[in-house]
Each structure stands twice: as structure tokens, then as C-alpha cells.
Amino acid sequence: MRSLAVVVCLAPAAAAAADSLDITDYPIVYTAAGTERVAVQKDLPFAAGARTLHFDLYLPPGPKRGLVPVVVFVNGVGDVGPRKLKDWPIYQSWARLVAARGYAAITTDSDSAALSASARALFAALARDGARLGIDAGRVAVWACSANVSQAVPLVMDDPPPGVRAAVFYYGAGPAKKMRADLPVLHILAGKDGPQLLEAERRMRADAAAAHAPWTMVEEPTLPHAFDGVDGSEASRRAVAMTLAFLDAHLGTLPPAPPPSRERDIIAHVYGVELAAAVQGLEGLLAADPKRADAIRLMGLLKARAGDCAGAVTWLERVGAPDAGVLNALGSCQLQAKRYDEAIATFERANVGGAPPHFAYNLACAHALAGHKDAAFAALDQALARGFNDRRLLETDADLAALRSDPRFARVLERLPAR
């Protein structure tokens with residue numbers, strides 16, 4: 001029942017407790033240099049309603065280097081047992097580990113009767129006093145594990161405090177009105193957990209996937225609950241290392257951006273399926289150099305991809321001797337426009353020498369739609385001879401519907417592995 005919040009500042013490492021049967025005695029199973037030199041400020045006060053709560057701040061060792069990002073370990077359960085959550089060795093050692101990495105880390109009290117309000121009061125204090133404390137309140141990661149995840153998820157999803165850039169959730173789940181599509185999350189699921197918790201975690205993951213949220217979802221089938229404190233296996237330590245790398249990616253300092261490039265921006269639009277923006281960029285290049293061959297070729301390919309066969313032909317004819325890729329794109333456009341004879345002629349020009357297997361497959365589709373069964377089977381034979389092996393496509397592609405009643409089609413399928 002403990003929580004892990006994104007760690008940025010670490011405190012001195014806790015001693016191992018190999019002979020204890022109390023989970024709260026165990027530090028993290030991962031060690032790193034410098035954790036013993038982390039600076040710790042204990043019991044810093046913050047107001048949470050009528051109560052005064054406290055947090056511990058772990059700062060990187062060595063001379064001060066300006067404001068550092070911070071990882072906040074969310075306390076979503078309050079004080080449990082005789083020892084405060086922030087004084088458990090697991091939290092102290094996690095905080096030291098993160099601080100030794102170059103971040104700040106915060107472990108905190110929480111009012112069991114007002115968990116959400118306690119967390120929000122802590123973030124308000126960080127926003128107000130962060131610079132004085134040496135932390136960058138605009139670069140925050142949140143970490144929570146186990147039952148603490150139930151408070152951390154709505155905290156960062158429903159009404160997120162400013163500055164939260166990433167979150168880490170271990171072996172836990174929580175409710176959210178809507179999963180944010182702009183917050184990177186690392187979620188590590190311990191496969192040996194109980195069925196109810198696993199079901200809740202998988203529902204949460206499904207919600208994130210449905211929202212196209214940028215979650216990194218890791219399932220470790222051999223690990224138990226609280227693996228980072230009680231499981232010393234390679235899988236457990238690798239999960240911690242992955243977490244540190246995740247924090248580096250989202251809190252660390254990135255190298256400078258490369259110099260501006262109109263060409264790279266155009267390609268990014270192409271691969272982002274932003275075809276109108278790509279065409280607009282190409283128009284700018286061609287206005288400056290109307291004879292630029294690579295821009296002319298790409299313009300033709302984009303026109304073909306958009307189904308504008310006339311425009312594709314106009315542009316691709318300017319390429320001179322079109323290559324096989326250009327011809328295949330043009331043939332696909334003609335096939336889409338039901339200009340089967342033209343598509344066959346174009347695909348035949350593309351399907352020469354060591355052409356890829358899908359070129360022959362496209363030729364087979366064109367012949368099948370034109371009613372040329374013998375030629376379609378001959379093209380399919382070429383495709384399979386070159387390595388075509390997509391049985392599902394053969395069985396479902398509407399372009400080949402006219403071939404499926406022919407006995408030769410069954411013989412084609414026999415040459416492929418079962419789905």
C-alpha cells in the first residue's frame with residue numbers, strides 16, 4: 001500500500017533489511033553511485049487547509065547548478081502504521097536514486113481524511129516556493145505505486161497541477177474522467193498481482209489506448225507487487241532502469257534542435273499523413289526551382305496517393321523516365337479510378353526485374369478486376385515466387401473476389417502458411 005511518485009531528488013540510501021518480514025523496512029533493489037552524497041532537507045512545512053503537513057526534499061549532490069526538475073512521490077494513502085510513509089526506506093532510497101541522477105525528489109505527508117486536497121496543497125507550495133528551494137516547478141514528474149495510484153491518476157488527469165510533464169505508475173490503477181493525450185505515462189504492471197488489481201489496471205490501460213494517450217505500457221509477468229523493494233531479479237532492476245530512462249527523456253535537458261529544413265518538414269508532413277501541408281511545402285520549393293526533380297516526383301506521388309490520377313500523370317510525366325516506385329503509385333491510382341487497362345499497362349512497366357512482390361500482386365489485382373483470370377493467376381504466381389506471404393490479404397482483398405471460385409485459387413493458398 002505504498003506510493004511511488006516521479007523521483008527527481010534523492011536522499012541518502014537506506015540500509016538493506018534482508019532479515020525483516022515487514023515490507024516497510026525494505027529499500028529499493030537498485031543501487032547507483034552518489035546516493036550517499038544526496039542532500040536532504042527534512043520536514044519542510046506546507047499548509048493543507050487547517051493542518052500543517054511536511055515534506056522531505058532530496059537534492060542532487062555537488063555544487064548547485066540552477067533550478068532542477070523534481071519528481072514528486074504521491075502519498076495517496078495518508079499515514080499508515082507507526083512510521084510515516086515518507087520515512088519508509090523504499091521512499092528514501094527511491095528519492096536518493098533520483099537525486100543522484102540529477103533531479104530533486106519529494107516525499108510527503110498526506111492527510112488521510114483529505115488525500116486529494118493534501119496533494120494539491122503540496123503542488124501549490126511547490127509553485128510558490130520552488131525557486132527558493134532550488135527546484136524547477138515547471139518540470140515535474142509524478143510517481144505513484146500501489147494504492148497511491150488511485151489518487152495520482154485523477155490528480156494528473158482531471159485537473160492537473162501546472163508543470164507536470166510526465167507520470168510513472170507502478171502496479172496500481174486509478175479513475176480518471178478522461179485520459180490526457182498530452183501527458184507521457186510509464187505504467188508497469190506486475191504480472192503476479194491479484195486478479196482484481198490486474199483487471200483494474202488493464203481497464204485503465206484500455207482507456208488510455210482509446211484516448212490515444214502517450215502511455216508506455218510494460219507488463220512484467222514474473223514480478224510481484226512491490227517488486228522494486230522485494231524482488232532482486234534482473235527483470236525488477238531492469239524495470240527501475242527503464243523508469244530512470246523515462247524520467248531522463250521527459251525531465252532531462254535535450255540537445256538543441258537541428259537547423260531548420262523545409263525539406264525535412266515536408267517529409268514529416270508526408271509521414272504524418274498531412275498531405276495538404278506537404279503539397280503546400282512542395283509548391284514553395286517548386287516556385288523557387290520549377291525543375292527540381294525530387295520535388296516533382298514527390299508531388300506526383302502525393303497526387304496519386306490522394307486519388308488525383310490526372311494530376312499524378314501531369315506531374316509524373318515531368319519526371320522523365322519514371323522509376324518503379326512512381327509507376328506503382330500511378331498504377332494504384334488508376335486502379336482506384338477503375339481505369340483497369342491503364343493500371344495493367346502501368347503495373348507491367350513497374351513489375352520488371354527484381355521488383356518487390358507487392359508490385360506483382362498489384363498487377364494480379366488489376367487483371368482480376370479486368371476479368372483476365374489467367375493473367376491474374378500468372379501475376380500471383382510471380383508474387384509468391386518473390387516472397388509474397390500475406391494469406392489474410394489474399395483471402396479478404398475485394399480486388400481478387402473474381403478469382404476465389406476458381407480451383408487455382410485454393411492451390412495458391414496451399415503454398416502459404418495457415419493464418
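Me: Where is proline 214 placed in this predicted model?

Reply: In this model, which is predicted, proline 214 belongs to the loop that lies between helix H4 (195-210) and strand E8 (215-220). Leaving aside residues up to four places away in sequence, proline 214 touches Arg180, Ala181, Asp182, Leu183, Pro184 and Val185.

Me: Why is proline 214 called partly exposed?

Reply: The relative accessibility of proline 214 is 33%. Buried would require a value under 20% and exposed a value over 50%, with partly exposed in between, so proline 214 counts as partly exposed.

Me: What makes alanine 127 exposed?

Reply: Alanine 127, which sits in helix H2 (residues 115-133), has a relative accessible area of 53%. The cut-off for exposed is over 50%, and alanine 127 is therefore exposed. From C-alpha to C-alpha, alanine 127 and alanine 137 are 5.6 Å apart in space, while they are ten residues apart in sequence.

Me: What is the phi of aspartate 43, and how do you know that this residue is partly exposed?

Reply: Aspartate 43 has a positive phi of about 55°, although it is not a glycine. The residue is found in strand E1 (residues 39-48).

Me: Is alanine 226 buried or exposed, and where is it placed?

Reply: Alanine 226 lies in the loop between E8 and H5, and its phi is near 60°, a positive value in a residue other than glycine. The relative accessible area of alanine 226 is 9%; buried means under 20%, so this residue is buried.

Me: Why is the ring pair of tyrosine 170 and tyrosine 171 called tilted?

Reply: By the rule used here, the count comes to 13 aromatic pairs. In the pair of tyrosine 170 and tyrosine 171, the ring centres are 5.7 Å apart and the planes stand at 55°. Centres within 6.5 Å make a pair, and planes count as stacked under 30 degrees, as edge-to-face over 60 and as tilted otherwise, so this pair is tilted. Tyrosine 170, at 0% relative accessibility, counts as buried, and tyrosine 171, at 1%, counts as buried too.

Me: What makes the pair of tyrosine 171 and phenylalanine 227 edge-to-face?

Reply: The ring centres of tyrosine 171 and phenylalanine 227 are 5.5 Å apart, and their planes are at 80°. Edge-to-face applies to planes over 60 degrees apart, so this pair is edge-to-face. The pair links distant parts of the chain, 56 residues apart: tyrosine 171 is in the loop between strand E6 (164-170) and strand E7 (185-190), and phenylalanine 227 is in helix H5 (residues 227-230). With a relative accessible area of 0%, phenylalanine 227 is buried. These residues belong to one aromatic cluster, formed by Phe73, Trp88, Tyr91, Trp94, Trp143, Tyr170, Tyr171 and Phe227.

Me: Why are helices H9 and H11 called roughly parallel?

Reply: The axes of H9 (residues 293-305) and H11 (residues 324-336) come within 9 Å and cross at roughly 25°. Angles under 35 degrees count as roughly parallel, and H9 and H11 are therefore roughly parallel to each other. Their crossing is left-handed. Arg297, Leu301 and Ala304 of H9 make the contact with Gly325, Val326, Ala329, Leu330 and Cys333 of H11. By class, this contact has six nonpolar residues, one polar and one charged.

Me: How do you know that H10 is roughly antiparallel to H11?

Reply: Helix H10 (residues 309-316) packs with H11 at an angle of about 160°, with the axes 9 Å apart. An angle over 145 degrees counts as roughly antiparallel, so H10 is roughly antiparallel to H11. H10 passes H11 in a left-handed crossing. Cys309, Ala312, Val313 and Leu316 in H10 meet Val326, Leu330, Cys333 and Gln334 in H11, and by class the contact has seven nonpolar, one polar and no charged residues.

Me: Which residues of helix H12 are buried, and what do they pack against?

Reply: In H12 (residues 340-350), the buried residues are Ala343, Ile344, Thr346, Phe347 and Ala350. They pack against H11 and helix H13 (357-370).

Methods. Residues numbered from 1 in each chain as written. Predicted model: local features only at pLDDT ≥ 70, side-chain atom pairs only at ≥ 80, totals over all residues. Heavy atoms only, no water. Axes fitted to C-alpha atoms, helices over the stretch in contact; angles between N-to-C directions. Helix = DSSP H or I, 4+ residues; strand = E, 2+ residues; numbered from the N terminus. Parallel < 35°, antiparallel > 145°, perpendicular 65-115°, else oblique. Left-handed = near helix turned anticlockwise from the far one by under 90°. Contact = heavy atoms within 4.5 Å. Nonpolar A, V, L, I, M, F, W, Y, C, P; charged D, E, K, R; others polar. Phe/Tyr/Trp six-rings, centres within 6.5 Å; stacked < 30°, edge-to-face > 60°. Buried < 20%, exposed > 50% of the residue type's maximum accessible area, 1.4 Å probe, protein only.
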